[in-house]
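This report describes the packing, backbone and aromatic features of one protein model. The sequence and structure come first, and the description follows.

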Amino acid sequence: MNAKNDRKPGKHKGSGKDKSKAKGKDKAAAAGRGGAGPGVHELTAEVLEVDDDGGHALYEASMEGGWGDGLPVLAATDERVRALLAATPYPGDHVLGALPPRFGLASVELVAVNAALAGVEPRAFPYVLAALEAVLVPEWNAVALTTTTSSVCPMVIVNGPARDDLRIDYRAGCLGGAAGRGSMTIGRAVALCLRNIGGQRAGVTSRTVFGQPARTGLCFGEWEERSPWPSLAARRGLSPDAEAVTVHGGKGVFPFADVNNDDPRDLAYAVAKTVAFPLNNWFLELTGSSGQIVLLLNPMWARRLGAAFPDAEDFQTYVWEHAWQPVDAFRPANAEILAAKDRVDDKGRVALAERPDQFVPVVCGGLGGLHGVALTTFVQSEMQSAAVLR
């Protein structure tokens, strides 16, 4: 049976001992934008030799070596890695930063290897890089998010004109099941980078109790054309026409539904009370001053809410004003703790968060007009946006 050489996703040659039982061989390979010439980058990621048996040996090696996520992987051949590198202005040896929890250096080449494993197309590769740049902003707090007992993970929200071309899901089934290649592979590549470059391992470097399905990646788009408000990227200061990502540290996908409220203000009130559930992470904190909750609104709700709240800020303020619980909703011992944290106001209310801008609406999903979703907050993380560079 023929052998095939693939790149390994965790380190460069000579940077550490290979613990995989698959054979490793050095193999020089040039990579750059357009082949040989000035600025050529020689591939330095470790090489793995596996049987060319249609992918079974590669999958087994990924599981045995601990660099797989449990799903089948594609071969990170030199040709595929070079094609990804050619799609970005960054050279292969450019380092985006040190990814926690073990602070492996995220060179663009290693990111490309992980993206190749995930099946990312070259034209989508800059989105992976932008998402990792957002993750590496200190205020996103990647150290805490990769090591916590929580289920939190990076959730990537895409804006811009390339959503359809890249098959970024933003309509029906955008959180799972629509099977757009861009959504499925970009999110997975980010998760693989945290695993293979950063060293995130459940029960080892990550203390997560449950994890969540999105820990293999979550990426979706905003249905900008159906939103009554400027896009998320535009509201966060980027050009309305820019290709952009926003990365939210989300604890999970929290669905809710309504058919009882005809008045859009009543609907907004119900959303506020729904997300202010007593065991929300925000009620565990000394204050509600950090973090965001993303409110995913189907286009039918968005149309109704946009009529009542012409500005997104008006909707955010209304939700914030009603996202609270009476202190009597908590058992006495719990209420005493909240009072000791100075979380109870003079009217006996415990506000979920400190500011309206912490409630972030995003329009997406199918045209069934009764469903919404909250991407709940880890709290100790500030969502970050980054423009996609080409």
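Of the 61 residues in the largest nonpolar core, which touch the most other members?

## Nonpolar cores

The model is a predicted one. In its largest nonpolar core, which has 61 residues, Val111, Val120, Phe125, Val128 and Val245 touch the most other members. Beyond its neighbours within four places in sequence, valine 128 is in contact with Val111, Val120, Ile186, Ala189 and Val190.

## Helix 2

Helix 2 spans residues 78-85, and its buried residues include Asp78, Val81, Leu84 and Leu85. Viewed down the axis of helix 2, the buried residues fall within an arc of 125°, so they line one face of the helix.

## Glycine 249 in strand 10

Strand 10 covers residues 244-257 and contains glycine 249. This glycine counts as buried because its relative accessibility is 5%, which is under the 20% cut-off.

Which residues is glycine 249 in contact with, leaving aside its neighbours within four places in sequence? They are Trp140, Leu145, Val152, Cys153, Thr376, Thr377, Phe378 and Ser381. Alanine 144 is 105 residues apart from glycine 249 along the chain, and the C-alpha atoms of the two are separated by 10 Å.

## Backbone features in loops

The peptide bond from proline 100 to proline 101 is cis, and its omega is near 10°. Proline 101 belongs to the loop that runs between strand 6 (95-99) and strand 7 (104-107).

Two residues other than glycine have a positive phi: aspartate 342, with a value near 65°, and valine 379, with a value of about 80°. Aspartate 342 is in the loop between helix 11 (332-340) and strand 13 (349-351), while valine 379 is in the loop between strand 15 (371-377) and strand 16 (384-387). Is each of these residues buried or exposed? Aspartate 342 counts as exposed because its relative accessibility is 64%, and the cut-off for exposed is over 50%. Valine 379, with a relative accessible area of 1%, is buried.

## Aromatic pairs

How many aromatic pairs does the structure hold? It holds nine. In one of them, the rings of phenylalanine 309 and phenylalanine 315 have centres 5.8 Å apart and planes at 70°, so the pair is edge-to-face; the cut-off for that class is over 60 degrees. Phenylalanine 309 has a relative accessible area of 2% and is buried. Phenylalanine 315 is also buried, at 1%.

Phenylalanine 309 forms an aromatic pair with tyrosine 318 as well, and this pair is tilted, with 5.2 Å centre to centre and 50° between the planes. Both phenylalanine 309 and tyrosine 318 are buried. Together, Trp229, Phe309, Phe315 and Tyr318 form one aromatic cluster.

## Arginines over aromatic rings

Where does the charged end of arginine 163 sit? It sits over the ring of tyrosine 170, at 4.8 Å from the ring centre. In another case, arginine 349 lies over the face of tryptophan 324, and the distance to the ring centre is 5.5 Å.

Methods: Residues numbered from 1 in each chain as written. Predicted model: local features only at pLDDT ≥ 70, side-chain atom pairs only at ≥ 80, totals over all residues. Heavy atoms only, no water. Helix = DSSP H or I, 4+ residues; strand = E, 2+ residues; numbered from the N terminus. Buried < 20%, exposed > 50% of the residue type's maximum accessible area, 1.4 Å probe, protein only. Core = buried A, V, L, I, M, F, W, Y, C linked by side-chain atoms within 4.5 Å. Contact = heavy atoms within 4.5 Å. Arc of directions from axis to C-beta. Phe/Tyr/Trp six-rings, centres within 6.5 Å; stacked < 30°, edge-to-face > 60°. Lys NZ or Arg CZ within 6 Å of the ring centre and 35° of its normal.
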